[in-house]
Amino acid sequence: MNITHNKSLIVEYKKKKSGWYTHYPINGLWSEEVQDNHFVEVFKNFSQKNKDIDKDSQLYIHFPFCPKQCLFCHCFTLITSKKDKYSQLVNEIKNEIILKYELYGDKLPINDIHFGGGSPSVLDFEQINDILNVIKKVSKQEKWNDVAIEIDPRNNVNEKILIDYSKAGINRISFGIQDFDKRVGKAINRTHTFDEIKSLLTDTVRGNFRSINFDLLYGLPFQSLDSLKKTLEIISWLKPTRLAYYSFQHRPDLYRHQTAINSDNLPNIELKNAMNLLIQDALKKLNYKKLGLDHYINEDDYYYKDLILKKNIERNAIGYSPKTSHNIIGIGPSAMTSIDGHYFQNFYTLPNYSEKISKKLNPIARGWISNIDDIIRRGVIFDIINNGIVNKKKYEDRYKINFNEYFIKESPQLLKLKKDNLITENSIYINETEIGKELRIYIANAFDIYKTYKHSKDFFDGKKASDRIYQLRNN
Ligand code: SF4
C-alpha cells in the first residue's frame with residue numbers, strides 16, 4: 001500500500017465517531033444510580049483487602065477554578081479570581097481527604113499525588129502545602145513516588161514558587177501551553193511566549209523536577225503547517241521532557257464557550273492529519289519517542305525507561321504513568337475515582353459538592369460498577385491504546401476463557417481491520433501495523449460493547465446500574 005492510500009484511509013477512519021478511552025466504559029455512560037452507598041461498599045472492601053495484600057493508589061485532587069476561560073477547554077472549570085472561593089474549596093478538599101481516611105479505617109495507601117484542574121497553580125504555595133500536610137497525616141507511605149501539579153504559566157507562578165513546590169515534595173510539573181502562535185492564541189483566549197516559559201524553566205527549576213511536561217494542541221483555529229513548525233521550533237529550544245500533543249475537538253454542542261470559535265477558521269480533517277504527521281516527524285527528529293496515542297517523551301524524563309523500554313504503561317484521565325497506582329481516589333468537584341475496577345464521580349456543581357462535604361457524606365454523583373466482562377474488555381482496550389498489542393494468552397490464563405470464542409461477535413470487525421491492514425493476528429497476538437499505529441482508537445473500538453449506547457440507561461442486559469453491584473458479587 002502506498003503513502004497516499006494510507007493517508008486517505010486514515011482520513012476516512014478519522015471521520016468516524018470513536019470512544020476517547022481514558023475509562024472503559026467512557027464516563028458519559030456512568031449512571032446516577034451509582035451513589036454514595038455503592039462507593040462506601042467498594043471502598044470498605046478495598047480497605048479490607050488491603051489488610052492482606054498491599055494495594056496502592058493515587059490521590060487525584062481537582063481544583064476547578066480558573067481566572068479566565070480558555071476557549072478550547074474541555075475540563076470541568078469554574079471561572080473566578082475570588083480568593084475567598086479558593087480558600088473555601090481548599091478547606092472542603094482537606095475535609096474530603098479526611099472523610100476518605102475515616103471511611104477507609106486506616107492510613108490511606110497513597111503512592112502518587114496529582115493536583116489537576118482547573119488551575120491548581122492559582123493557589124498560593126501555602127495552600128498547596130496545607131493540603132500536602134493533611135495528606136501526610138493520613139498517608140501510609142511516608143515518602144510518595146510521584147507528586148505532580150498542572151501549571152498555568154500566566155498566573156501566580158515564578159521561579160521561586162516552582163522551587164517551593166519541589167521543596168514540598170512535588171517532583172513533576174506540567175505546563176498548559178497549547179501553541180506559541182499569537183493569532184492562534186488570540187483565537188483561543190490563551191497566549192504564551194518563548195520568553196515567558198524560558199524565564200520559568202531555569203536550570204535550577206529543571207534540576208528540581210524529574211519530569212517537565214507541556215500540554216499542546218493541533219487543529220486549533222488559524223493554525224497552519226507553517227505556524228505549527230514555528231511552535232515546534234520553540235519547543236526544541238525549551239526542551240520539555242514530555243509532551244501531550246492532543247487533537248483539538250470543537251464541541252460547541254457540549255461546551256458553550258466553544259461557540260466563540262468560528263468553525264470556518266478550523267483546519268479541515270486532511271490538514272489536521274498532515275499536522276499530526278508533521279508533529280510526529282519533528283518530535284522524532286528531536287529524539288522524543290511516542291507514548292501511547294498522543295504523548296511524547298525523551299530520555300531526560302525519569303520514567304522514560306519504565307514507559308518506553310519496559311512498556312509498563314497505565315493510561316487514565318490525566319495521561320500516561322507507569323503502573324505504580326492501580327487505584328485512584330478522586331478529591332474535589334467532578335473528580336473521578338477508580339477503585340478495584342469500579343468508577344465513581346463527584347458532583348460537578350459546588351453547592352451539591354459543598355453540601356455533601358458539610359454533612360460528612362461522600363459527594364458521589366454517578367459511577368459504574370464493573371462486571372467481569374467490563375474488566376476483560378477494559379484490559380484488551382487499554383493494551384491496544386497503550387502498546388498496540390494484545391496477548392490473547394494472558395487473558396486466557398487469567399480469566400479461563402478461549403479468547404477467540406469469547407470475542408466471536410467481534411470477529412467481523414477484526415476481519416475488516418485486517419483487510420484495511422490496521423492489524424495482524426495469529427493464535428497468540430493481535431498486533432497493530434504501521435498504519436494501525438495512527439488509528440489505535442478504532443482498533444480498540446472493536447472491543448467496546450457499549451459503543452452503540454447513547455446514555456447510561458441503555459445497558460445491554462436491561463438491568464439498572466444498581467443491579468450490577470449484585471451481579472459483581474455473584475461473579
Ligand atoms: S485550559 Fe486550563 S486554565 Fe484554561 S480554562 Fe481550561 S482548565 Fe482553566
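**Briefing: loops, strands, a helix and a ligand shell**

Lys311 is located in the loop that lies between α11 (304-309) and β11 (313-316). The model described here is a predicted one, and Lys311 has a phi near 50°, which is a positive value in a residue other than glycine. Lys311 counts as partly exposed because 14 other C-beta atoms lie within 10 Å, a number that falls between the limit of 12 or fewer for exposed residues and that of 20 or more for buried ones.

**Backbone angles in the loops**

- Most residues other than glycine have a negative phi, and most peptide bonds are trans.
- Asn189, in the loop between α6 (182-187) and α7 (194-200), also has a positive phi, near 60°, although Asn189 is a residue other than glycine.
- Asn189 counts as partly exposed, because there are 15 C-beta neighbours inside 10 Å.
- A cis peptide bond, with omega at about -5°, joins Tyr24 and Pro25, and Pro25 belongs to the loop between α1 (3-14) and α2.
- The peptide bond from Gly117 to Gly118 is cis as well, with omega near 20°, and Gly118 sits in the loop between β4 and α4 (125-138).

**The shell around the ligand**

- Gly117 and Gly118 are also among the residues around the ligand, together with Ser119, Asp152 and Gly176.
- By residue type, the shell divides into four nonpolar residues, six polar residues and one charged residue.

- Strand β6, which covers residues 172-178, is mostly covered, since seven of its seven residues are buried.
- Both faces of β6 are covered, with Arg172, Ser174, Gly176 and Gln178 buried on one side, and Ile173, Phe175 and Ile177 buried on the other.
- Strand β5 (residues 146-151) pairs with β6 in the parallel sense over four bridges, and Glu150 stands opposite Ser174 of β6.
- Strand β7 (residues 211-218) also runs parallel to β6, and six bridges join the two strands.
- The bridge partner of Ser174 in β7 is Asn213.
- Together, β5, helix α5 (residues 159-167) and β6 make a β-α-β unit that is right-handed.

- Helix α2, made up of the 15 residues 36-50, reaches 21 Å from its first C-alpha to its last, which is close to the 21 Å expected at 1.5 Å a residue.
- The buried residues of α2 are His38, Phe39, Val42 and Phe43, and they lie on the same side of α2 because they cover an arc of only 120° around the axis.
- An α-helix has 3.6 residues a turn, so residues three or four places apart point the same way.
- On the other side of α2, Asn37 and Gln48 are exposed.

- Leu108 and Lys136 are 28 residues apart along the chain, and their C-alpha atoms are separated by 9.9 Å.

Definitions and conventions
Residues are numbered from 1 along each chain as its sequence is written. This is a predicted model: local features need pLDDT of at least 70, side-chain atom pairs count only at pLDDT 80 or more; totals for chains, interfaces and linings use all residues. A residue is near a molecule or strand if its C-beta atom, placed from the backbone, lies within 6 Å of it. Ala, Val, Leu, Ile, Met, Phe, Trp, Tyr, Cys and Pro count as nonpolar, Asp, Glu, Lys and Arg as charged, and the others, Gly among them, as polar. Two strands pair if DSSP finds at least two bridges between them. A crossover is right-handed if, with the strands pointing away from the viewer, the path from the first strand over the helix to the second runs clockwise. The expected span of a helix is 1.5 Å times one less than its number of residues. The arc is that of the directions from the helix axis to the C-beta atoms.
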